[in-house]
Amino acid sequence: MSTQDNKLLNVSDLHVAYGKVEALTGIDLTLKEGQLVTVIGPNGAGKTTLLSAIMGVLPSTGTIHFNGQDFFSPEVETLVGHGLGLVSEKRELFSTMSVQDNLLLGAFLRYRRGDTSYDTTLAEIYSLFPRLWERRHQQAGTLSGGERQMLAIGRAMMGKPKLLMLDEPSLGLAPLITREIFRIFADLRRQGVSILLVEQNARAALKVADYAYVLEGGQVAMHGPAADLANDPRIIEAYLGLASKHQELLSS
Amino acid sequence: MNLQIATLLGQDGLTNGAIYALLALSILLVFTVTRILLIPLGEFVTFGALTMAAIQMGKLPQLEWLLLGLTCIDCSLDLYQQARSRFNRRKLQGVALKLGYAATLVILVHTLPLAELPMGAQILLTLALIVPLGPIMYRLFFQPLADAPSLVLLIVSIAVHVSMVGTGLLLFGPEGARTKPFSDSGFHLGSVMLKSQTLWVILVSIFLIVTLFIAFERTLYGKALRATAVNRMGARLLGISPVFAGKVTFALAAFIGSASGILIAPITTLYYDSGFIISLKGFVGAIIGGLVSYPLAAIGSVAVGMVEAFSMFWASGYKEIIVFTLIIPFLIWRSMTSHHVEDDE
Ligand SMILES: Nc1ncnc2c1ncn2[C@@H]1O[C@H](COP(=O)(O)OP(=O)(O)OP(=O)(O)O)[C@@H](O)[C@H]1O
Ligand SMILES: [Mg+2]
């Protein structure tokens with residue numbers, strides 16, 4: 001805990017291969033305590049692979065420094081124990097269990113460590129997502145796509161992670177809810193939760209983020225403060241351009 | 001057949017059915033959480049009964065050495081694993097605790113006047129010796145194979161069963177054993193006599209089943225085990241490790257198995273190799289529940305017990321055949337009603 005002490009997450013020279021095919025070739029990424037960092041990039045760039053490797057779901061080479069400790073291809077449970085949380089692309093809900101049970105299980109480690117304040121967190125999550133409160137006795141497998149997203153996000157928040165990683169949380173959500181969710185991320189950041197956000201919705205992601213990485217073909221193509229990237233002509237062309245063209249079309 | 005015979009047979013059927021139901025539940029529990037078909041469950045039954053019998057005869061049960069030996073192997077594996085990463089104080093405490101537990105039991109067994117102990121203490125001692133074997137068994141034989149295909153798990157399960165039967169012969173010898181009933185009195189219900197042990201078996205079984213049900217539905221630990229069964233990766237992402245879940249379910253299975261053995265030991269003479277056929281009948285019950293439904297498995301098991309008791313009266317030579325043929329119509333019915341479900345992992 002000296003020079004690195006405000007670096008919550010530092011990934012260096014991370015390689016991940018599926019069989020012989022390298023999906024990530026030497027990624028370096030840093031996230032400081034309290035920051036919201038976003039990773040954008042085209043389909044198949046390796047964003048999901050990156051989050052899975054940091055989480056220990058996929059074997060990797062390179063070092064992962066998290067919360068003052070170095071990990072080499074660690075186990076998922078170890079990292080969760082150290083305060084890492086992931087809303088995975090597949091959501092991984094417990095489909096035959098109720099919404100409320102799914103949420104409560106999010107606090108399993110807190111419960112196991114004798115922290116009994118998770119009831120308050122549950123109430124907070126229900127007030128953030130009233131829809132989940134209405135459906136608390138429903139089986140998670142029968143929720144709509146958007147409700148499932150809310151549940152996955154809420155479940156991860158129940159664990160009060162130091163760093164919350166989200167893989168395309170706005171996927172399939174109505175625009176109104178998407179805006180709401182991004183507002184929640186901004187709130188969480190203000191409360192001191194660090195967030196690593198993978199998003200297709202580059203415009204919204206760059207707006208809330210402090211710092212951004214652009215992943216292309218398994219490598220970091222660009223990185224910088226989110227506000228700078230949002231004004232970078234290449235980014236506008238590749239990731240924001242479509243939307244502005246769309247708007248031109250609509251307005252004409 | 002008159003009413004008296006029918007109630008006697010019904011009593012037997014219900015007693016056996018209650019035990020099969022307990023075993024069916026543990027088979028289901030272990031299977032859904034770990035994908036392992038726990039063939040050695042029957043050995044926990046015989047170990048429970050035979051250890052209890054040995055204690056009542058004032059003999060050393062010998063099982064304490066098995067426990068100590070396996071604990072030593074388990075702990076050296078733990079230490080080896082830690083030496084490769086880094087030593088962690090909490091884990092070292094765990095190792096010390098496990099060794100201390102096994103050593104304490106060895107000392108207790110060798111100093112206590114076993115035969116003179118009250119029955120409750122004898123039961124506790126038996127459980128204390130056998131239950132830890134469950135998690136150790138998981139740690140040594142199944143944990144390294146957690147990602148192996150189901151067939152490999154099944155083969156290992158059979159191998160563990162065979163070696164435990166051998167160990168049983170070594171520890172307890174080839175003689176059968178029976179234990180004293182929990183209480184001596186019988187009850188009269190009209191003109192028929194109810195054996196008190198029958199009541200014990202039924203009451204304790206119902207109590208255990210209800211407790212398990214509440215634990216699984218209401219407590220977060222129970223929910224965590226269910227969650228592992230539903231979605232292993234989802235559970236891992238919340239810090240619920242499959243190793244933890246595996247050890248807990250194996251401990252539960254060892255507890256239920258040995259408790260069943262202690263319950264039936266006063267009614268039936270058990271040999272070192274009797275466990276398999278008993279747990280197989282629980283398995284038939286579990287199959288009737290389609291290896292998923294707990295209530296159906298419990299009902300199926302009671303049906304197995306009843307069919308067994310009544311076929312004993314009408315066609316005693318064919319008893320086992322009749323019981324095991326019971327599985328066929330259910331398998332046919334299952335294969336006709338259920339459509340193939342894709343593996344979602
Ligand atoms: N299990 C796998 N086996 C082989 N290749 C894989 C596997 N998973 C992912 N890949 C490949 O690795 C590359 C990166 O995939 P990844 O899922 O990380 O992309 P992504 O950036 O998350 O894309 P998207 O935006 O579509 O979610 C892709 O080319 C993909 O086909
Ligand atoms: Mg992805």
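How far does a polar side-chain atom of A:N43 lie from an oxygen atom of ligand 1? I looked it up: 2.8 Å.

This is a predicted model, so I kept to its limits: local features need pLDDT of at least 70, side-chain atom pairs count only at pLDDT 80 or more, and totals for chains, interfaces and linings use all residues. Residues are numbered from 1 along each chain as its sequence is written, chains are lettered from A and ligands numbered from 1 in written order, and side-chain values use heavy atoms, without hydrogens and water.

**Ligand 1**

I checked for other polar contacts (N or O pairs within 3.5 Å). A:T49 has a polar side-chain atom 2.5 Å from an oxygen atom of ligand 1. For A:Q200, a side-chain N or O atom is 2.7 Å from an oxygen atom of ligand 1. The protein buries 56% of the 640 Å² that ligand 1 exposes when taken alone; areas are Shrake-Rupley with a 1.4 Å probe.

I then listed the shell, meaning residues with a heavy atom within 4 Å. Ligand 1 has 13 residues around it, and A:K47, A:T48, A:T49, A:E89 and A:Q200 come nearest. Four are nonpolar, six polar and three charged; Gly counts as polar. Helix α1 (residues 47-55) of chain A gives the largest share, three residues. Helices are DSSP runs of H or I, at least four residues.

**Helix pairs in chain B**

I turned to α3 (residues 63-84) and α5 (residues 119-130) of chain B: their axes come within 9 Å and cross at roughly 35 degrees. Axes are fitted to C-alpha atoms, and angles run from 0 to 180 degrees. The crossing of α3(B) and α5(B) is left-handed, the near helix being turned anticlockwise from the far one by less than a right angle. In contact (heavy atoms within 4.5 Å) are B:L63, B:E64 and B:L67 of α3(B) with B:A128, B:L129 and B:I130 of α5(B). I sorted them as five nonpolar, no polar and one charged.

Next I took α1 (residues 3-34) and α13 (residues 294-315) of chain B. Their axes are 6 Å apart, at an angle of about 145 degrees. This crossing of α1(B) and α13(B) is right-handed. Its contact residues divide into 19 nonpolar, seven polar and two charged.

Conventions: Helix = DSSP H or I, 4+ residues; strand = E, 2+ residues; numbered from the N terminus. Polar contact = N/O pair within 3.5 Å; in protein donor to acceptor, adjacent residues only side chain to side chain.
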